[in-house]
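This report describes the fold of a single chain, moving from its helices and aromatic contacts to its sheet and the segment at the end. Please keep the structure in view while reading.

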Amino acid sequence: MIVNCIYVTVKSDCIHDFIAASEENHFESVKEAGNLRFDICQMADDPCRFLLYEAYETVDSAVAHKSTPQYIKWRDTVNDMMAEPRKGIRYNILQPKK
């Protein structure tokens with residue numbers, strides 16, 4: 001199992017629209033084969049900072065997500081909302097074991 005942590009800083013006037021676009025992506029992404037979790041987190045003390053926490057059964061599942069219509073729509077929709085480029089970091093899940 002793997003996790004992708006995507007760190008995003010959004011322009012302050014785009015917070016609402018970013019959340020709406022990310023929620024749309026979330027609701028479709030959790031239906032994907034191989035998706036174990038897709039969380040949208042907003043930093044408690046800086047509402048412009050977000051963490052998208054995505055857990056997948058395999059690397060292939062995570063790679064497949066990037067070619068889904070909902071991901072492509074999200075990527076293109078939120079691109080100009082970001083105050084800086086998003087940063088994705090991949091982790092291997094050690095516990096819990098599936």
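## Burial in helix 3

A residue is called buried here when its relative accessible area is under 20%, and exposed when that area is over 50%. The model is a predicted one, and every value below is computed from it. By this cut-off the buried residues of helix 3 are Gln70, Tyr71, Trp74 and Val78. Around the axis they cover an arc of only 100°, which puts them on the same side of helix 3.

The buried residues of helix 3 pack against helix 1, strand 3 and helix 2. For Trp74 in particular, the relative accessible area is 4%, so this residue falls under the 20% limit and counts as buried.

## Helix 1 and its covered side

Helix 1 has 15 residues, and the distance from its first C-alpha to its last is 20 Å, close to the 21 Å expected at 1.5 Å a residue. Its buried residues are Ile15, Phe18, Ala21, Ser22, Asn25, His26 and Ser29. These cover an arc of only 145° around the axis, which places them on the same side of helix 1. In an α-helix there are 3.6 residues a turn, so residues three or four places apart point the same way.

On the other side of helix 1, His16 and Phe27 are exposed. The elements that cover the buried residues of helix 1 include strand 1, strand 2, strand 3, helix 2 (59–65) and helix 3.

## Aromatic contacts

How many aromatic pairs does the structure hold? There are three aromatic pairs. One of them is formed by Phe18 and Phe50, and this pair is tilted, with 4.7 Å centre to centre and 50° between the planes. The pair links distant parts of the chain, since Phe18 belongs to helix 1 (residues 15–29) and Phe50 to strand 3 (residues 49–56), 32 residues apart. Phe18 is buried, with a relative accessible area of 0%, and Phe50 is likewise buried, with a value of 4%.

The rings of Phe18 and Trp74 have their centres 6.2 Å apart and their planes at 65°, so this pair is edge-to-face. Because Phe18 lies in helix 1 and Trp74 in helix 3 (residues 69–78), the pair ties together parts that are 56 residues apart in sequence. Phe18, Phe50, Tyr71 and Trp74 form one aromatic cluster, and of its members Tyr71 and Trp74 are listed among the buried residues of helix 3.

Four strands form an open sheet in the order 2-3-1-4, and the pairing is antiparallel. The edge strands are strand 2 (35–42) and strand 4, each of which pairs on one side only. From one strand to the next the twist averages 15°. Helix 1 packs on the sheet, where it touches strand 1, strand 2 and strand 3, and its direction makes about 170° with that of strand 2.

Strand 1 (residues 2–9) and strand 4 run antiparallel and are joined by six bridges, and within this pairing Cys5 stands opposite Ile89 in strand 4. Is strand 4 well covered or hardly covered? Strand 4 (residues 87–92) is hardly covered, as the count of buried residues among its six residues is zero.

## The segment after strand 4

Which residues does the cis peptide bond join? The bond lies between Gln95 and Pro96, with omega at about 5°. Pro96 is placed in the segment after strand 4, and Lys97 also has its place in the segment after strand 4.

With a relative accessibility of 62%, Lys97 lies over the 50% limit and therefore counts as exposed. The C-alpha atoms of Lys97 and Arg86 are separated by 29 Å, while the two residues are eleven residues apart along the chain.

Conventions. Residues numbered from 1 in each chain as written. Predicted model: local features only at pLDDT ≥ 70, side-chain atom pairs only at ≥ 80, totals over all residues. Heavy atoms only, no water. Buried < 20%, exposed > 50% of the residue type's maximum accessible area, 1.4 Å probe, protein only. Helix = DSSP H or I, 4+ residues; strand = E, 2+ residues; numbered from the N terminus. Pairing = 2+ DSSP bridges. Phe/Tyr/Trp six-rings, centres within 6.5 Å; stacked < 30°, edge-to-face > 60°. Axes fitted to C-alpha atoms, helices over the stretch in contact; angles between N-to-C directions. Contact = heavy atoms within 4.5 Å. Expected span 1.5 Å × (residues − 1). Arc of directions from axis to C-beta.
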